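The following report describes a two-chain model from the level of single residues up to the interface. Please read it alongside the sequence and the coordinates.

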Amino acid sequence: MSRFSRRRLLNPIRSQTLPRHLPHTETELKVDGLWRVVVLNDPVNLMSYVVLVFKKVFGFDEQTARKHMLEVHEQGRSVVWCGLREKAEAYTFTLHQWHLSAVLEPDEAR
Amino acid sequence: MKRVEVKLALPIVAPLLDLIKELADGLKKHLAVAPVVTEVDPEMRDAWFGELVSAQNDDVATLLGLFDDEFFSEGVVAFDESNAEAVVRACAAIRLRLRERWLKPLGDETLESGDVDVAALDEPLRKAFMCYLFLATVQELIIQHLDSSILES
């Protein structure tokens, strides 16, 4: 069962700068593990738009945002965030609001 | 508050608005692109999609609101921090919808490069591609001039 709450859906992450890795407990990690937010390439969205979205959603600086955008463009995907499931779901939802192709994946390396 | 006013060529833009409105109608109950959400349960997925459609409708309504009576008399649209974020997202939604409904024949590689001989396209496809370019121009204008307004909002 997902831990993604309706309340979370109604309060997507839209503007605040959040730490890339949140403090967590060992118990939380055992329950859900780590999850990755992966952005996939699409032929429509402008490079400048994708950079803007990364800066807005994740609080990336210009250089980091461009690095991830180019990864998406050239390699077809970029892992833009990794951490606890609930936060990963919220980030994925927010990227969907911006019409980016984003998927949630379990972090196999955990 | 920073505000950007753009004077548009009415004879060029007005015909595109019919197509934009038609596509906007098609987005009332559907997402521009259905996201892949396999890692959440069906009930949550429904809520997820419902929230996205609702947000998309708000954004598209803001975009369509730019083209009011004043636009048709003056040819001017204005962007500021109150509408920039919604408009830039709505443009993305409609551009994605354009690809799904009209631009598939061009192929993704051509669409991504933008290397299209517009004059060689037949009329419906040309209009769709012009619409696609127009919305991209709106996005670029907003990102160029109101980037900080969006990031700080």
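B:Phe72 is partly exposed, with a relative accessible area of 39%; buried here means under 20% relative accessible area, exposed over 50%, and partly exposed in between (1.4 Å probe, protein chains only). The residue B:Phe72 belongs to helix α3 (residues 69-74) of chain B. Helices (H or I, at least four residues) and strands (E, at least two) are DSSP runs, numbered from the N terminus. When neighbours within four places in sequence are left aside, B:Phe72 is in contact with B:Leu10, B:Ala14, B:Leu17 and B:Phe67, where contact means heavy atoms within 4.5 Å. The C-alpha atoms of B:Phe72 and B:Leu23 are separated by 20 Å, with the two residues 49 apart along the chain.

This is a predicted model, in which local features need pLDDT of at least 70, side-chain atom pairs count only at pLDDT 80 or more, and totals for chains, interfaces and linings use all residues. Residues are numbered from 1 along each chain as its sequence is written, chains are lettered from A and ligands numbered from 1 in the order in which they are written, and side-chain values use heavy atoms, with hydrogens and water left out.

B:Phe134 lies in helix α6 of chain B and, at 11% relative accessibility, counts as buried. Not counting residues up to four places away in sequence, B:Phe134 touches B:Leu8, B:Val13, B:Leu16, B:Ile20 and B:Phe67. Its C-alpha atom is 9.9 Å from that of B:Ile12, a residue 122 positions away along the chain.

**Overall build of the chains**

Chain B has six helices and two strands, arranged along the sequence in the pattern β-α-α-α-β-α-α-α. The radius of gyration of chain B is 16 Å, close to the 15 Å that the globule rule gives for 153 residues, so chain B is as compact as a globular protein of that length. That radius is taken over C-alpha atoms, and the globule rule is 2.2 Å times the number of residues to the power 0.38. Along the principal axes, the C-alpha atoms of chain B fill a box of roughly 50 × 45 × 25 Å. Buried residues make up 48% of the 153 residues in chain B. Of the contacts in chain B with a separation of 6 or more, 76% are between residues 24 or more positions apart.

Chain A has five helices and three strands, and its pattern along the sequence is α-α-β-α-α-β-α-β. Of its 110 residues, 54% count as buried. Residues 24 or more positions apart supply 78% of the contacts in chain A with a separation of 6 or more.

**Salt bridges**

Over all chains, the structure holds 17 salt bridges, a salt bridge being a side-chain nitrogen of Lys or Arg within 4 Å of a carboxyl oxygen of Asp or Glu. Examples are tabulated below.

| Pair | N to O distance |
|---|---|
| A:Arg77 and A:Glu105 | 3.1 Å |
| B:Glu5 and B:Arg3 | 3.2 Å |
| B:Glu85 and A:Lys56 | 3.3 Å |
| B:Lys104 and B:Glu100 | 3.5 Å |

A:Arg77 lies in strand β2 (residues 77-84) of chain A and A:Glu105 in strand β3 of chain A, so the pair ties together parts that are 28 residues apart in sequence. A:Arg77 is partly exposed at 34% relative accessibility, whereas A:Glu105 is buried at 18%. In chain B, B:Glu5 is exposed, with a relative accessible area of 53%; B:Lys104 is partly exposed at 45%, and B:Glu100 is partly exposed at 36%.

A network of salt bridges links A:Arg36, A:Arg77, A:Glu105 and A:Asp107. A:Asp107 is found in the segment after β3 (101-106) of chain A and is buried, with a relative accessible area of 10%. The side chains of A:Asp107 and A:Arg36 are also joined by a polar contact of 3.4 Å. A polar contact is a pair of N or O atoms within 3.5 Å; within protein, one must be able to donate a hydrogen and the other to accept it, and residues adjacent in sequence count only if both atoms are side-chain atoms.

**The interface**

Chain B and chain A bury about 3100 Å² between them, 65% of it on carbon and sulfur atoms; buried area is the accessible area (1.4 Å probe) that two parts lose on being put together, summed over both. In chain B, B:Glu39, B:Trp48 and B:Arg89 lose the most area to chain A, together 21% of what that side buries. In terms of contacts, 34 residues of chain B meet 34 residues of chain A. Two salt bridges cross the interface by the rule.
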